[in-house]
Amino acid sequence: MCASVCMNVFGQCSAVWLDVDLKLRARKVKKLLGSMLEKIFASQTGQIKPHEQEMETLLSSSLSRLLITPIETSVELVATLYSMDSVLETHADVGLVVIDSISGLYWIDQSRSGDSRHVNSRNISQLLSGSS
């Protein structure tokens with residue numbers, strides 16, 4: 001993900017991160033992107049590290065290419081995936097879609113209701129068919 005977003009500074013793509021486990025932290029993303037940018041910058045320019053202002057510009061540009069969407073339920077995930085066409089139309093340079101920890105939804109759904117599979121499958125079916 002970091003490589004995908006960082007490389008856009010040098011002409012690549014953006015990324016969509018569907019954060020199902022809700023553990024993605026801005027500070028961690030910024031640190032990872034910064035590290036990756038320094039490596040890319042060094043390999044592209046031969047300099048060890050960009051100047052601080054240049055680094056902030058690169059980080060800002062990279063972070064602007066990352067769309068993070070928190071997902072809390074299976075229904076929300078399906079709705080998000082269902083609307084992904086419009087996201088991809090407005091962000092034509094998306095080259096990576098990450099669903100972080102899709103298996104976590106099973107436990108979330110189980111903790112919210114005893115028979116969540118029936119309720120969720122009915123809600124998902126209605127959502128996909130376009131009925132309410």
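Student: Is the crossing of α2 and α3 left-handed or right-handed?

Tutor: Heads-up, this model is predicted: local features need pLDDT of at least 70, side-chain atom pairs count only at pLDDT 80 or more, and totals for chains, interfaces and linings use all residues. Residues are numbered from 1 along each chain as its sequence is written, and side-chain values use heavy atoms, without hydrogens or water. A crossing is left-handed if the near helix is turned anticlockwise from the far one by less than a right angle, and right-handed if clockwise. For α2 and α3, the crossing is right-handed.

Student: At what angle do the axes of α2 and α3 cross?

Tutor: Axes are lines fitted to C-alpha atoms, for helices over the stretch in contact, with angles from 0 to 180 degrees between N-to-C directions. Helices (H or I, at least four residues) and strands (E, at least two) are DSSP runs, numbered from the N terminus. The axes of α2 (26-45) and α3 (52-63) come within 10 Å, and the crossing is roughly 120°.

Student: Which strands stand at the edges of the sheet?

Tutor: Strands pair if DSSP finds at least two bridges between them. The open sheet has three parallel strands, ordered β2-β1-β3. One side of each edge strand lacks a neighbour, because each has a single partner; these strands are β2 (66-70) and β3 (94-100).

Student: What is the bridge partner of W17 in β3?

Tutor: Strand β1 (14-19) runs parallel to β3, joined by six bridges. In β3, W17 has as its bridge partner V98.
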